[in-house]
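Subject: Structure for your review

Dear colleague,

Please find below the structure that I am handing over to you, together with its sequence.

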Amino acid sequence: MVAKQMISKLMKNIFDLKVGKLLIEKLLKEGFPSVAHYLSDEVSSLTIRQSGHLTAGNEWDPILARIVKEIQREPEGFLRQPEICRTIHPNQVGLARLYLEEMTKDEFSRTKILPRLHDIPFGDPFLCSFFPFASPITLQHAYYMYMMKEHLELFLPENRVQHVLEIGGGYGNFCRLTHAI
């Protein structure tokens, strides 16, 4: 029942977003896109992943191979390696500054999130000059927690959530952050 209520609340918040409203209005006005093109002969030449071999449509395998090589080559500073910077630890200082500006306007964030926000030196993360205890990705993850509190009334470090399903490649920073705050 709790999960059903959380999903219902999440859906309400999603539909309240301006972008979501515009998308829904467009879909209702113009109709949903057809999938007929994707089922046609035009895509029959594409292959799929079979028995663990790389085939067209799976671009992640070569990226993962480069990430593994970067970690092996530079274990102390792996977060600064080119592929890792591009995929799982981007140094997006401009976005981090925007996240921080919004969070500093919120009392909950100022008292519960930001004072305890820090990175650990593992992997030599980039640190922000305007918030030298955290990397841009850590500020982004803190912002996600702030948004969950704001829109779902859920603050992971203080709730008894037993499981979190996180979709996306990463290095465990969001998990670390939920336990550090």
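The notes below go from the chain as a whole to its cores and then to its aromatic rings.

Please bear in mind that this is a predicted model.

Overall make-up

The protein chain contains eight helices and zero strands, so that its pattern, read along the sequence, is α-α-α-α-α-α-α-α. Of its 181 residues, 29% count as buried. Among the contacts between residues at least 6 apart in sequence, 56% join residues at least 24 apart. The accessible surface of the chain comes to about 12800 Å², and carbon and sulfur atoms account for 60% of that surface.

The largest nonpolar core

The largest nonpolar core has 22 residues. Those that touch the most other members are Met 103, Ile 113, Leu 117, Phe 131, Leu 139 and Ile 181. At least two residues of this core come from each of four helices, namely H5 (93-104), H6 (107-113), H7 (136-152) and H8 (173-180). Helix H7 gives the most, with five residues.

Once neighbours within four places in sequence are left aside, Phe 131 is in contact with Leu 100, Leu 114, Leu 117 and Leu 139.

Not counting residues up to four places away in sequence, Ile 84 touches Ile 67, Glu 70, Ile 71, Phe 78, Leu 79 and His 89.

Aromatic rings

A search of the whole structure finds five aromatic pairs. A pair of aromatic rings is described by the distance of the centres and the angle of the planes. Two of the pairs are set out here.

The rings of Tyr 99 and Tyr 143 have centres 4.6 Å apart and planes at 25°. Planes under 30 degrees apart count as stacked, and this pair is therefore stacked. The pair links distant parts of the chain, with Tyr 99 in helix H5 and Tyr 143 in helix H7, 44 residues apart. Both of these tyrosines are buried.

Tyr 143 also pairs with Tyr 146. Here the ring centres are 5.7 Å apart and the planes stand at 45°, so the pair is tilted. Tyr 143 and Tyr 146 are separated by about one helical turn, because they are three residues apart in helix H7. Residues under 20% relative accessible area count as buried; Tyr 143, at 14%, is therefore buried, and so is Tyr 146, at 7%. Together, Tyr 99, Tyr 143 and Tyr 146 form one aromatic cluster.

One further ring deserves a mention. Lys 149 lies over the face of Phe 108, at 5.0 Å from the ring centre.

Yours sincerely,

A colleague

Conventions: Residues are numbered from 1 along each chain as its sequence is written. This is a predicted model: local features need pLDDT of at least 70, side-chain atom pairs count only at pLDDT 80 or more; totals for chains, interfaces and linings use all residues. Side-chain values use heavy atoms; hydrogens and water are left out. A nonpolar core is a set of buried Ala, Val, Leu, Ile, Met, Phe, Trp, Tyr and Cys residues joined through side-chain atoms within 4.5 Å. Buried means under 20% relative accessible area, exposed over 50%, partly exposed in between (1.4 Å probe, protein chains only). Contact means heavy atoms within 4.5 Å. Rings of Phe, Tyr and Trp (its six-membered ring) pair if their centres lie within 6.5 Å; planes under 30 degrees apart count as stacked, over 60 as edge-to-face and the rest as tilted. A charge sits over a ring if NZ of Lys or CZ of Arg is within 6 Å of the ring centre and within 35 degrees of the ring normal. Accessible areas come from the Shrake-Rupley method with a 1.4 Å probe; for residues, only the protein chains shown count as cover.
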